[in-house]
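Hello,

Here is the structure I promised to pass on. Please open it and keep it on screen while you read my notes.

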Amino acid sequence: MTTVEKGSVPARAGLVLFVLILVAAVANLNLAVANVALPEIGRDFDASQTQLNLIAVAYSLGLAASVLYLGAIGDRYGRKLLLVLGMALSIPACIVAGFAPNFEVLFGARLVGGLSAGLAYPTTLALITALWAGAPRTKAIALWSALGGALSALGPLLSGALLEKFAWGSVFIVTSPLAVLALVLAIVLVPSHVNETTDPVDNFGGMVSVVFIAALVLGINFAPVDGMGTLAIGLGAIAIASGAVFVFRQSRARFPLYDLSVARRRTFWVAALAGIIVFGSLMGVIFVGQQFLQNVLGYSTLAAGASTLPAAIAMVLVAPQSAKLVESRGSRFTLLFGYVFIVVGLVLAWLTWKEDVSYWVVALSYVFLGIGVGLAGTPASRSLTGAVPVDRAGMASGTADLQRDLGGAIMQSTLGALLTAGYAASFTSQIASSPDASSISAETQSVLTKSFSSAADLATRYPQYSEQIIGAAKQAFLDGDQKSYAAAILVVLVGAVLVFFAFPKHDEEKRLLAQYHSIDARRSQSVG
């Protein structure tokens, strides 16, 4: 096993970083490609809004639930091994999703795809942490973070272009060639066994962490669904219980999966929460926004996918400046600066994304969001890796992945739940106030309030009422997505307050990081 000196970079650094970003690209694209296809999937499967939410969140769920456990396994048994296994598993998962005959198979394939990313994705940042050090590490993380976020934003564009010519299954199959390329290059170029630990893995803690995150995300999705209240409460109870067991286990285990003494460090836990909000906000808005553009504004899949391009461009352009700001002004300043732009983008969407909004206003909202995520993404990830010993890089990278994936899963689930509840409540209210309310059967009302795609399908079967049905469905969708944007604004403001008061200023941050490094070095020597 080799080690890395301060300020060093690996041999063939550019090629290795390219491979790691390519592996991350497979995960990020798979994470994002489903959103544009949701209206078509909804029509094909006659899916409810909750089923569409679950399809959108399934990949994030599989990834978020597994990253902590698999990150620890990578630290112990080899990060390159997990990288290769993850890319190998992602290929059949993508193909099965592309040919899925029903909701259940598609959800399962997306979940397995998320697990394959859980094998590969955590190791990308862990390997950057292990192979690079000092300022070169900050620059590598900035590029990794920016391109990852940009690819998440570019996913809808790719999906939209494919859906112009092919069926919705194509959006899942398209990443397979990338996965094959990443698999071959990872085998050839990525170094093995760098700064890994010999500590045993806490398998029980890992399994409990999977249950905790899965129950939390699924509980949020089922909460607004009629008749699912008991299930949602049960999942919530499982999440609380398993979360408590996980914390208790990690505080007692000799070799914890998640070192709570490290997690309590201010540069770690505040950055972790800040990143969940940053990346979750972007993914949540793209999730709701893609449906808004197609359902309400009538955009084609290509136009809807292209709408996120300004966010991707902004993230790539801003990332180098983010790395410079982190080095010169500190993570706290850079995080808060990014939060300002995220709030501006969300407020603009909340105020203007109505039925008559122009594309340029939508694009401006995405530009602000892209700038904000580009600024805040680097310090959110870099603070995690700087606060942990390098032999626990899997813990840091797992947490960084949770920023994206748990953040995305929670925000998509929360915004989707609010959209579902708001849509159903608005449509129900419109039906109740209609002079023809008595002639609308309970079965018809159930179809109308199920989802926009269900209402649109019903409109095609009753062309004489098509205009009224689509008009009511658009209004119901707008009522639901307004609640989603308002909730996102509130969450980001809470995150900004947390960073402002809890994250150390630049000089204090440097002092704390030096202190953590000294503590970890002494601990490593005593163990050795």
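This is a predicted model: local features need pLDDT of at least 70, side-chain atom pairs count only at pLDDT 80 or more; totals for chains, interfaces and linings use all residues.

Start with helix α19. Its buried residues are F452, S453, S454, A455, A456, L458 and A459.

Next, look at a pair of helices. Find α4 at residues 79-98 and α8 at residues 176-189. Their axes come within 9 Å. They cross at roughly 160°. An angle over 145 degrees counts as roughly antiparallel, so α4 and α8 are roughly antiparallel to each other. Their crossing is left-handed.

Which residues make the contact between α4 and α8? From α4 come K80, L83, V84, M87, A88, S90, I91, C94 and I95. From α8 come S176, A179, V180, A182, L183, A186 and I187. By type, the residues of this contact divide into 13 nonpolar, 2 polar and 1 charged.

Check the spacing of those numbers as you go. An α-helix has 3.6 residues a turn, so residues three or four places apart point the same way.

Last, go to D46. It sits in the loop between α2 (34-45) and α3 (49-77). D46 has a positive phi of about 50°, although it is not a glycine. Is D46 buried, partly exposed or exposed? D46 is partly exposed, with a relative accessible area of 41%.

Best wishes

How values were computed:
Residues are numbered from 1 along each chain as its sequence is written. Side-chain values use heavy atoms; hydrogens and water are left out. Axes are lines fitted to C-alpha atoms, for helices over the stretch in contact, and angles run from 0 to 180 degrees between N-to-C directions. Helices (H or I, at least four residues) and strands (E, at least two) are DSSP runs, numbered from the N terminus. Angles under 35 degrees count as roughly parallel, over 145 as roughly antiparallel, 65 to 115 as roughly perpendicular and the rest as oblique. A crossing is left-handed if the near helix is turned anticlockwise from the far one by less than a right angle, and right-handed if clockwise. Contact means heavy atoms within 4.5 Å. Ala, Val, Leu, Ile, Met, Phe, Trp, Tyr, Cys and Pro count as nonpolar, Asp, Glu, Lys and Arg as charged, and the others, Gly among them, as polar. Buried means under 20% relative accessible area, exposed over 50%, partly exposed in between (1.4 Å probe, protein chains only).
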